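The briefing below concerns a predicted model with two chains and is arranged by topic. Please keep the sequence and the structure in view while reading.

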Number of protein chains: 2
Amino acid sequence: MIANTPPPPYYAVIFSTLRTEIDKGYLETARHMEELAKQQEGYLGIESVRTDLGVTISYWKSLDAITKWKHNAQHKLAREKGRKLWYKAYKLRICKVERDYDFNK
Amino acid sequence: MIANTPPPPYYAVIFSTLRTEIDKGYLETARHMEELAKQQEGYLGIESVRTDLGVTISYWKSLDAITKWKHNAQHKLAREKGRKLWYKAYKLRICKVERDYDFNK
């Protein structure tokens with residue numbers, strides 16, 4: 001559940017979303033995009049939580065990997081549907097993870 | 001709910017957590033830490049969601065602001081309690097936000 005990422009530096013895409021009330025195709029597409037992301041080169045992991053606010057963070061080896069995923073045709077189509085149907089508002093942040101710390105009981 | 005951050009660059013602290021079953025003082029402390037964070041210099045915003053996984057992202061003006069918040073005495077005490085009582089596992093990631101994109105309907 002907590003993404004098991006390698007030592008920094010690596011990249012994070014923070015996708016913070018507020019949903020509309022339209023569910024049509026949303027869950028299937030969200031799941032399919034997660035599966036598809038996992039198959040991309042440079043994918044490192046994902047963390048996703050939603051209540052009224054949704055936060056999905058995907059982790060990537062490089063900016064280049066993020067750009068390639070951005071240009072994936074199925075992903076592009078899903079983003080268009082997202083803007084048209086599922087999301088009232090979102091913010092996408094591209095970040096460089098510089099340091100990280102673990103705790104495990 | 002989506003943090004209204006200024007144009008990049010700025011910093012994000014991604015705190016991904018798995019909870020124990022111990023609730024004692026957790027909610028009060030979490031709320032108090034959020035209030036306290038808001039009063040710190042360089043604080044820009046927060047996004048927080050929890051289901052079985054918890055993700056709290058706080059945004060900061062600089063690494064220096066993050067370091068000062070890390071050394072805040074009340075925050076230190078809360079982190080110690082977190083390791084002792086509330087968290088089974090966590091990962092903390094310090095990130096530089098390099099780019100961001102907004103969508104609003």
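Residues are numbered from 1 along each chain as its sequence is written, while chains are lettered from A and ligands numbered from 1 in the order in which they are written.

**Chain A**

- Chain A contains 3 helices and 4 strands; helices (H or I, at least four residues) and strands (E, at least two) are DSSP runs, numbered from the N terminus.
- Along the sequence, these elements of chain A follow the pattern β-α-β-β-α-α-β.
- The C-alpha trace of chain A spans about 40 × 30 × 20 Å along its principal axes.
- Of the 105 residues in chain A, 24% are buried. A residue is buried if 20 or more other C-beta atoms, placed from the backbone, lie within 10 Å of its own, exposed if 12 or fewer do, and partly exposed in between.
- Two residues are in contact if their C-beta atoms, placed from the backbone, lie within 7 Å. Among contacts in chain A between residues at least 6 apart in sequence, 80% join residues at least 24 apart.

- An open sheet of 8 strands has the order 2(A)-3(A)-1(A)-4(A)-4(B)-1(B)-3(B)-2(B), with antiparallel pairing; two strands pair if DSSP finds at least two bridges between them.
- Strand 2 of chain A and strand 2 (43-50) of chain B are the edge strands, each pairing on one side only.
- Neighbouring strands of this sheet are turned by 25° against each other on average, direction ignored. The axes are lines fitted to C-alpha atoms, and angles run from 0 to 180 degrees between N-to-C directions.
- Strand 4 of chain A and strand 4 (residues 87-104) of chain B pair in the antiparallel sense over 15 bridges.
- Across this pairing, A:Cys95 has B:Val97 as its bridge partner, A:Ile94 has B:Arg99, and A:Arg99 stands opposite B:Ile94.
- Within chain A, strand 1 and strand 4 run antiparallel and are joined by 10 bridges; here A:Ala12 has A:Cys95 as its bridge partner.

**Contact between the chains**

- Chain A and chain B each bring 34 residues to the contact.
- On the side of chain A that touches chain B, at least two residues come from each of strand 1 (10-19), strand 2 (43-50), strand 3 (53-60) and strand 4 (87-104).
- Strand 4 of chain A gives the most to this side, with 18 residues.
- By class, this side of chain A has 18 nonpolar, 3 polar and 13 charged residues. Ala, Val, Leu, Ile, Met, Phe, Trp, Tyr, Cys and Pro count as nonpolar, Asp, Glu, Lys and Arg as charged, and the others, Gly among them, as polar.

**Nonpolar core**

- The largest nonpolar core has 26 residues, and those with the most contacts inside it are A:Tyr11, A:Ala12, A:Cys95, B:Tyr11, B:Ala12 and B:Cys95. Such a core is a set of buried Ala, Val, Leu, Ile, Met, Phe, Trp, Tyr and Cys residues joined through C-beta atoms within 7 Å.
- Strand 1, strand 3 and strand 4 of chain A, together with strand 1 (10-19), strand 3 (53-60) and strand 4 of chain B, each give two or more residues to this core.
- Leaving aside neighbours within four places in sequence, A:Ala12 is in contact with residues including A:Ile57, A:Tyr59, B:Ile14 and B:Cys95.

**Local details**

- B:Leu92 lies in strand 4 of chain B and is partly exposed, because 17 other C-beta atoms lie within 10 Å.
- Beyond neighbours within four places in sequence, B:Leu92 is in contact with A:Asp100, A:Tyr101, B:Val13 and B:Phe15.
- The peptide bond from A:Pro8 to A:Pro9 is cis, with omega near 0°, and A:Pro9 is found in the segment before strand 1 of chain A.
- In chain B, a cis peptide bond joins B:Pro8 and B:Pro9, with omega about 5°.

Methods: This is a predicted model: local features need pLDDT of at least 70, side-chain atom pairs count only at pLDDT 80 or more; totals for chains, interfaces and linings use all residues.
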